[in-house]
Structures are given as C-alpha cells and as structure tokens.
Amino acid sequence: MATIAFIGLGNMGGPMAANLVKAGHKVTAFDLVAALRNQAQSDGAAIAESSVAAVKGAEIVITMLPAGKHVLSVWNEVLPAVAEDALIIDSSTIDVESAREAHALAAKHGVLSVDAPVSGGTGGAKAATLTFMCGGEEAAFAAAKPVLENMGKKIVHCGVGGAGQAAKICNNMILGISMIGVGEAFVLAEKLGLSHQALFDVASTSSGQCWSLTTYCPVPGPVPTSPANNGYKPGFAANLMVKDLTLAQDAANTAGAVTPLGKHAQEIYQAFDAAGHGGVDFSGIIQHVRALAGK
Ligand code: NAD
C-alpha cells in the first residue's frame with residue numbers, strides 16, 4: 001500500500017480519495033475549501049494544512065483540479081517538496097499544452113508524471129468505475145496503473161505526456177456532437193408523428209446506434225437510467241461539456257485541425273449555458289433543439 005497525497009477534493013476528487021482510503025492506502029488530503037477537507041477526514045484521510053505539507057513523504061501525488069492554470073500553479077508549488085523517486089498524476093481535464101508543460105516541470109524535478117483524465121462522472125468516481133486515459137512514459141504509467149485501478153475499472157495508456165488529455169477531448173467532442181445529433185433525430189421524429197420508443201427500437205439496433213442513444217437516451221422512457229428520466233439532473237452538466245468542447249477547439253486551433261461540427265456543437269452548448277441551463281445534464285440539449293422550432 002502506498003503513501004498518497006491527494007489535492008483537490010471536489011465532486012470528483014473527494015470520492016476518488018475516499019476510494020483510495022478504502023483500498024488501504026495512507027492518504028493525506030488537501031483542498032482550499034475547509035468543508036471538503038472535513039469530509040475527506042471523515043472518509044478516513046489525514047488532512048494537511050497546505051498542498052506542500054500534503055506531499056511531504058508521499059510516494060504518489062494526485063491532483064484533481066478545475067483547469068490547467070490550477071494544475072500548473074499547484075505542481076509549481078509542490079514539486080520542490082516531492083521526493084525524487086515519487087510519481088505525480090493529474091486527473092483533471094485540462095488543455096493539452098498545460099498538460100505537456102506540467103510533464104516538463106515534473107521532469108525538471110526528476111519526478112515521474114502521468115496525465116490521467118477520467119470519464120465516468122461523479123457516479124463513476126463514487127463507484128470506482130472511472131475510465132482513466134493516460135499519457136506519460138512507460139515507467140510512469142506502470143507505476144500509476146495499480147493505484148488508478150483502485151479508482152477506476154479501465155486504465156488506458158494513450159501515449160506520451162499529454163496523450164491522455166488529447167484522448168479525453170477527442171472523445172468528448174464525439175460525445176457532444178453525437179448527443180446533439182440524437183436530440184435532433186428525436187425532435188424530427190416528434191414532428192413526423194413517430195414515437196420515441198419506435199425510433200429507439202430501430203436506431204438502437206441500426207446504424208444510428210451510439211452511446212448517446214443507447215446509454216444516455218435524451219428522452220424519457222427507452223433507457224430508464226438516463227438523466228432524461230430524472231429531470232435532466234446531472235450526470236455530466238452542460239457547462240462541463242462547454243469546457244471540454246472549448247478545450248477541443250483550442251487544441252484544434254493550436255494543432256491546425258479543422259473541426260466544423262465540434263465548433264458548432266461548442267456554440268450550441270454555449271447558447272444553452274448562456275440561457276441559464278449550465279447546471280442541467282448535457283443531454284438536456286434536446287430541449288434547446290426542440291425550442292428552435294418555435295423561433
Ligand atoms: P470541483 O470544482 O468540484 O473540484 C475542484 C476542487 O479543486 C475544488 O474543491 C477546489 O476547491 C479545489 N482547488 C482549486 N484550486 C486548488 C488549490 N490551489 N489547492 C487545492 N485545491 C484546489 O470539480 P470536479 O467536478 O471535482 O472536477 C475536477 C476535474 O475533473 C475538472 O477538471 C473537471 O473538468 C474534471 N471532470 C469532472 C467530471 C464531473 O462530472 N464533475 C467528469 C470528468 C472530469
């Protein structure tokens with residue numbers, strides 16, 4: 001069992017740290033928010049008074065923070081205090097450029113590093129069923145895998161530093177686009193007098209089949225566990241989809257890729273967010289699509 005520092009105890013980091021405790025690791029945790037530190041303590045973690053104090057003596061450091069600027073700031077702060085033979089993992093969703101910069105910082109301090117963003121949402125974080133998409137050297141990935149297995153069920157090595165973030169934003173660009181496509185198909189079906197169930201029965205076993213339809217169906221009924229049956233409570237909030245599609249567009253611009261549907265999807269979710277629906281599950285985008293007919 002390892003000595004682990006966990007920094008960032010929010011919606012995702014809190015339950016992830018709790019799962020490491022459950023797996024028998026010695027976890028020292030820190031967040032800027034006192035209530036989250038208290039929660040981690042009642043989940044069995046030791047609490048540090050700062051990020052730097054948390055990493056003292058840690059074999060593995062994990063960060064789960066909002067964005068690239070927070071990750072770079074925390075890594076800059078803690079790396080001088082991290083042991084040379086330690087491993088540092090960032091599981092936040094951040095821009096590829098910042099992820100690469102973070103790897104370079106770790107290398108400067110002689111510390112192995114992995115970018116390991118996740119999919120699976122808060123439900124996956126609680127149930128320890130997350131998918132981790134990892135970027136980093138082979139040795140760093142080999143060291144990270146056993147500990148990530150305590151928080152997830154699928155751990156994929158995607159390539160060198162930054163490759164995990166690249167995989168995450170490419171995947172979420174598919175997801176953002178496909179959910180709008182599925183929503184549009186249901187709205188067209190409604191106008192054509194075709195029932196939701198009939199479209200589902202055909203498309204779920206035909207070439208229109210995709211995760212947005214069969215696991216996360218945006219209309220109530222066909223998939224009882226989808227957020228559509230629960231008032232579009234997230235799940236994965238629309239404002240997080242805006243974040244990921246914006247990261248995808250930033251990466252496309254930097255890398256010289258042209259992704260017209262990714263860009264249009266970003267604009268559609270931004271409009272939904274701007275209309276006050278950022279906290280709604282992203283599958284609620286069907287309501288925005290439906291409302292377009294009235295305009
Ligand atoms: P969150 O805002 O709930 O948690 C982030 C935490 O980081 C906060 O508690 C904040 O206080 C803490 N923090 C910020 N700066 C800090 C610092 N300098 N030192 C210590 N703590 C600091 O966010 P979340 O939902 O837990 O998401 C975390 C990351 O995971 C994000 O990058 C997000 O995009 C990604 N993600 C979220 C989900 C989801 O469904 N929530 C799913 C996949 C990926």
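This tour moves from the whole predicted model to individual residues, stating at each stop what to select and what is found there.

**The whole chain**

Turn the model along its principal axes, and the C-alpha trace spans about 65 × 45 × 35 Å.

Next, display the surface. The accessible surface comes to about 13100 Å², and carbon and sulfur atoms account for 58% of it. Of the 295 residues in the protein, 49% are buried. Consider also how the chain meets itself: among contacts between residues at least 6 apart in sequence, 63% join residues at least 24 apart.

Now colour the charged side chains. The protein carries 18 positive and 23 negative side chains. The centres of these two sets lie 6 Å apart.

**The cysteines**

Select the cysteines and show their sulfur atoms. How many disulfides does the structure hold? The number is zero. A disulfide is a covalent bond between the sulfur atoms of two cysteines.

- Select cysteine 170. Its closest cysteine sulfur is again in cysteine 158, at 9.9 Å, which is too far for a bond. Cysteine 170 counts as partly exposed because its relative accessibility is 48%.

Move to aspartate 95, in the loop between strand E5 (87–90) and helix H5 (96–108). Is this residue buried or partly exposed? Aspartate 95 is partly exposed, with a relative accessible area of 24%; the limit for a buried residue is under 20%. Leaving aside residues up to four places away in sequence, aspartate 95 touches Gly68 and Leu247.

**Backbone features in the loops**

Select alanine 128, in the loop between helix H6 (121–127) and strand E8 (130–135). The phi angle of alanine 128 is near 60 degrees, a positive value in a residue other than glycine.

Continue to the loop between helix H10 (211–214) and helix H11 (238–255), where glycine 235 is placed. What kind of peptide bond joins proline 234 and glycine 235? The bond is cis, with omega about 15 degrees. Tyrosine 232 is found in the loop between H10 and H11 as well. Tyrosine 232 has a positive phi of about 60 degrees, although it is not a glycine. With 10% relative accessibility, tyrosine 232 counts as buried.

**Lysine 263**

For the last stop, select lysine 263 in helix H12 (residues 260–277). Lysine 263 has a relative accessible area of 41% and is partly exposed. Lysine 263 and leucine 245 are 18 residues apart along the chain, and the separation of their C-alpha atoms is 7.6 Å.

Technical notes. Residues numbered from 1 in each chain as written. Predicted model: local features only at pLDDT ≥ 70, side-chain atom pairs only at ≥ 80, totals over all residues. Heavy atoms only, no water. Buried < 20%, exposed > 50% of the residue type's maximum accessible area, 1.4 Å probe, protein only. Contact = heavy atoms within 4.5 Å. Areas by Shrake-Rupley, 256 points an atom, 1.4 Å probe, with all protein chains shown as cover. Lys, Arg positive; Asp, Glu negative; His and termini not counted. Charge placed at Lys NZ, Arg CZ, Asp CG, Glu CD. Disulfide = S-S within 2.5 Å. Helix = DSSP H or I, 4+ residues; strand = E, 2+ residues; numbered from the N terminus.
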